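Please look over the sequence and the model shown here before reading on. The notes that follow take up a few local features and then some packed helices.

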Amino acid sequence: MSRFFVLFMLFGMLLSPAAAIETVEDKTVFVPDVGHQVFRAQVIDFVKGFASQHFSDVPFEELDQLEKQWNNSYQLTHWNIEVTAYYQGQLAGQGEATGKDLTSTLKQATNLAMQATDKTAASTLEDYRFKVNFDYHPAKSYTLIDYQDHGLELLGNRVAVRQLDVEALKKQIKDSQAYLLRHMHPDYAGFFKFYDADKDTSQTLLRTTYTATALYTLIKLYQYQKDLALESYFKDIASFLLDRQLKTGPNAGGFEYGFNPETQESTCRIVVGTTSKTVFTLLLMHELYPDEKQYLDAARAAGDWLLSTIKEDGHVTPIAKCNGEESESEDKHSFLYTGQVLSALSRLYAQTEDERYLDGARKIAGLFLTDVATQGPLVADDYRPPNSISSSWVMMSLLDLAKVDPAPAYLTTINQIADMLLSRQIDNPDDAFNHGRYLDAMTTSGNGWINEVMGELHKFCKAQASDDCQPYRQAMRHTSRWLVQNAYNETNSFNIKNPERALGGFITNFNTRTVRTDAVCHGLNGLVRLLEIEGSNDEILVNLPERPLRELLPLLRAGEYE
């Protein structure tokens, strides 16, 4: 046989899909042509099997297939592996190892992790969850977490969600609705801002704005699914809100910032955003119970106070602090707060036809049009540099106004901001960790809010009989996948103390284990709207394929050299 023929055959095998190279001694192929799940499952089986020796005297039964299938005699190997053991949400032990053999390296890392644990705290292997990380060049990692004897892909500290369909939306909506109800105060029916899943603790202060936002979302859920059990909570929550409204003094009609049930003290800080978002909710309560006048009366009183905060040039005084009958104002420009006032007045006008509310809304809208003409669609104010969240509030409030006053200038600005936001959505299917979120929105509350706004924009677009609404639907699909990936669920809760209490909460950002109430609310509002759009669609809404294992495995074998 000629030397040329031998070289030709070797070259052909390297180019084949499996890149198969086998020896007569039955040594393993260069890259087995199988999927990630097979590899992950076998690695997790091996780690858990070896770790079981620390809980019993039963000798470990070697899994020869692991070494045979994933190692080889062709490539120089240098596995870099870290094994982490979690017990009841806490990091219990960690071990790192490097070596040329997969099984011996896994054994060494697992043994170090288990030696570091306090095994007297747990009685069985099932009390632990294991994370296995493979480092490879250049400065990358391939990570898996065990769940019910499966190995799941882990991106950072999130289990990857590479596909989204209607059933996944429904499950997330169910879980997040249950989260809200679970975290409502049992006596006062109010809501706090943060739940700390790391410590399994929640804040004491019940905040008016988060309570209003939660009730708003629960009503939206009820309108979608007509769950009578859900309705039973509404009036108790609304009662908490009505108790926060000031009845006398210079800020009569405004809403207190919060109430501490332990001290029985209110936070006398009157924020236009708090009052505006409470107006949103009271108007929904009025729609549900039109014969019970207290909801509309309270909304109108709040609207009258909001009118008093608007200056002739459209700027709004955002915050009033009170001490008895005395008050002082904080005078800074905020697109968030001002946009919320514009939305509240527009919605009040839609229900009451009181021209005062429309006049106030138009005054603010004039300011917004000038600001966007000057700054462009990405706006900044006294609180924030140019950012997508502020711009989204300009767009949302102009949408509310355009529903009752469809002036061409409003529609032009809405479209201008919408185009800008779409251009700032991360569109990188190879980066499932970030794909779908917005460039400068790092939190689930921020991305959930923009997703909710996109849902309102899609609805408005359809009402205008436009043929160009699909981009908003597509944007919602991709952000919704990202949100589901960043929610606590059965697979995603390996590093928190009480998974059952956290289930359904959207994790604040990449480096915390907290849940913001408004993140859950905005997330739900957007998901429900997307579900309304998709209906019974049985197609995969988003699909982000994982990089083939045959491309990654040689890199995992080579490891990461310093």
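Pro-138 is found in the loop that runs between β3 (128-136) and β4 (140-147). The structure is a predicted model, and the points below are grouped by topic.

- The peptide bond that joins His-137 and Pro-138 is cis, with an omega of about -5°.
- Another loop, the one between β1 (79-87) and β2 (90-99), holds Gln-88, and the phi of Gln-88 is near 50°, a positive value in a residue other than glycine.
- As background to both points, most residues other than glycine have a negative phi, and most peptide bonds are trans.

**Helices α6 and α9**

- Two packed helices are described by the angle between their axes and the distance between the axes.
- Helix α6 (residues 208-225) and helix α9 (residues 272-288) have axes that come within 8 Å and cross at roughly 30°; angles under 35 degrees count as roughly parallel, and α6 and α9 are therefore roughly parallel to each other.
- The crossing of α6 and α9 is left-handed, and the residues that make the contact include Ala-212, Leu-215, Tyr-216 and Ile-219 on the side of α6, and Phe-280, Leu-284, Met-285 and Leu-288 on the side of α9.
- Sorted by class, the residues in the contact of α6 with α9 are nine nonpolar, seven polar and three charged.

**Helices α10 and α11**

- The axes of helix α10 (residues 294-308) and helix α11 (residues 335-352) cross at roughly 135° and come within 10 Å, an angle that makes α10 and α11 oblique to each other.
- In a left-handed crossing, α10 passes α11, and the contact is made by Leu-296, Ala-299, Arg-300, Gly-303, Leu-306 and Leu-307 of α10 together with Val-341, Ala-344, Leu-345, Leu-348 and Thr-352 of α11.
- The contact of α10 with α11 has eight nonpolar residues, two polar residues and one charged residue.

**Helices α15 and α16**

- Helix α15 (residues 444-463) packs with helix α16 (residues 470-485) at an angle of about 155°, and the axes of these helices are 9 Å apart.
- Angles over 145 degrees count as roughly antiparallel, and the angle here therefore makes α15 roughly antiparallel to α16.
- The crossing in which α15 passes α16 is left-handed, and among the contact residues are Asn-447, Gly-448, Asn-451 and Met-454 of α15, and Tyr-472, Arg-473, Met-476 and Trp-482 of α16.
- By class, the residues of the contact of α15 with α16 divide into eight nonpolar, eight polar and one charged.

**The cavity**

- Rolling a probe the size of a water molecule over the atoms shows where empty space is left.
- When the whole structure is searched, one cavity of 30 Å³ or more is found, and the largest cavity contains about 30 Å³ of space.
- The lining of the largest cavity is formed by Asn-157, Arg-158, Tyr-488, Asn-492, Asn-495, Ile-507, Thr-512 and Arg-513, and these lining residues divide into two nonpolar, four polar and two charged.

Conventions:
Residues are numbered from 1 along each chain as its sequence is written. This is a predicted model: local features need pLDDT of at least 70, side-chain atom pairs count only at pLDDT 80 or more; totals for chains, interfaces and linings use all residues. Side-chain values use heavy atoms; hydrogens and water are left out. Axes are lines fitted to C-alpha atoms, for helices over the stretch in contact, and angles run from 0 to 180 degrees between N-to-C directions. Helices (H or I, at least four residues) and strands (E, at least two) are DSSP runs, numbered from the N terminus. Angles under 35 degrees count as roughly parallel, over 145 as roughly antiparallel, 65 to 115 as roughly perpendicular and the rest as oblique. A crossing is left-handed if the near helix is turned anticlockwise from the far one by less than a right angle, and right-handed if clockwise. Contact means heavy atoms within 4.5 Å. Ala, Val, Leu, Ile, Met, Phe, Trp, Tyr, Cys and Pro count as nonpolar, Asp, Glu, Lys and Arg as charged, and the others, Gly among them, as polar. On a 1 Å grid over the protein atoms alone, a cavity is a set of points where a 1.4 Å probe fits but cannot get out, and a pocket is an open set with protein on both sides within 12 Å along at least five of seven lines; lining residues have an atom within 4 Å of a point. Grid points are joined across faces, edges and corners, and a volume is the space filled by probe spheres set on the points.
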